[in-house]
Amino acid sequence: MELLIRTFFLSIVLIAFFVYPITGSTEELLIQEEYEYLGKKLSPTTFMTCRGEELVIGKGKIKATIRMCKGEELILFASGTIKGKVTFAGAVPPPKEFAFSKFPNVDFCKKNESKSADGNTRLLKEVEVDGSKGLKNAVVAVTDIQDKAFIDKSGKEAPQLVEAELCEFKPYTGVAVSKGMFKVVNNDADPSDPKSAEGVLHNPHSFDQLGAKSSTEFNIGLAKKGDSLEKSVKLKMSKKGSVLRLQCDQHEFMQGWYLPVTNAHYAVASTDGTFEIKDVPAGKHKVKAWHPIAGEVEADVEVKAGESVEANFEIK
């Protein structure tokens, strides 16, 4: 009995002692330095009980993310960071124009800064680049990892929140998960208009979009400020390359686009096209840079434990 107890304890310690790359490599990386978590020092001989679904231990040469917690087992995966820039080499299309007068809530929607000089036309800037051709709103995602825990969680809690603010869906780009939840909140109300004092009516209408082909996912009105919807989106065509498109049936210029993902390793490029994806499992990965209008490009990227790798993407 004593031998069995010792064997069990040793197996638990060894699980916490090693870092296993998620790629299936037989390489074992020994944690040789102390790490700090919630103010406590962790060393190779530290024994901890899992709390929550995920724990990141990050100080030192090796960065590891706990991807599985079962009882007292700590299972670590070596990880690193992908960072870089997305640029657009093509011709930037002019903004789409929509006359405010053709839609409800004219005076309220005119408060949005994306408009013509005379204030009468809403401008939808679908492609935005800076002086270095950095592409704003590009989504960069690791595409070759099927993270069951992430996918299962998305079925209960939406990984993407979209907010209607001043007659605009924010963010313009983001992510969605096939059979996962998707959430939209209405933040608009116009106190100066008795009909819209409690809320400006928005009607988020989402589509599973593949080229010219599309099918509705949800089509629900949000009449009052604070109203929200959280619906499961099937995205049946996502394996063929479809994306989720969002448009307001009340205000056509309110649009958004969301890339289906299967893991949490993604980022949306900032105004200068730069991005950073942390805690990517060590190994070779397929990484996609995608923009709904500009296009997409894919590259092979190798991530090493505890290191940052630069990956730049040019969309033409």
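## Salt bridges and a pocket

Let's start with a pairing: Glu126 and Lys96 form a salt bridge, their closest N and O atoms sitting 3.5 Å apart. (A salt bridge here is a side-chain nitrogen of Lys or Arg within 4 Å of a carboxyl oxygen of Asp or Glu.) This pair ties together distant parts of the chain, 30 residues apart: Glu126 is in the loop between β9 (121–124) and β10, while Lys96 belongs to strand β8 (residues 96–99). Strands are DSSP runs of E with at least two residues, numbered from the N terminus.

Keep in mind that this is a predicted model, where local features need pLDDT of at least 70 and side-chain atom pairs count only at pLDDT 80 or more, while totals for chains, interfaces and linings use all residues. Residues are numbered from 1 along each chain as its sequence is written, and side-chain values use heavy atoms, leaving out hydrogens and water.

Back to our pair: Glu126 is buried, at 11% relative accessible area, whereas Lys96 is partly exposed at 38%. (Buried means under 20%, exposed over 50%, and partly exposed in between, with a 1.4 Å probe and protein chains only.)

By this rule there are 7 salt bridges. Among them, Glu128 meets Lys136 at 3.8 Å, N to O. Glu128 is partly exposed, with a relative accessible area of 26%, and Lys136 is partly exposed, also with 26%. Another one joins Glu165 to Lys170, with the closest N and O atoms 3.8 Å apart.

The lining of the second largest pocket has 8 nonpolar, 8 polar and 5 charged residues. (Ala, Val, Leu, Ile, Met, Phe, Trp, Tyr, Cys and Pro count as nonpolar, Asp, Glu, Lys and Arg as charged, and the others, Gly among them, as polar; a pocket is an open set of points on a 1 Å grid over the protein atoms alone, where a 1.4 Å probe fits, with protein on both sides within 12 Å along at least five of seven lines, and lining residues have an atom within 4 Å of a point.)

Terms used. Helices (H or I, at least four residues) and strands (E, at least two) are DSSP runs, numbered from the N terminus.
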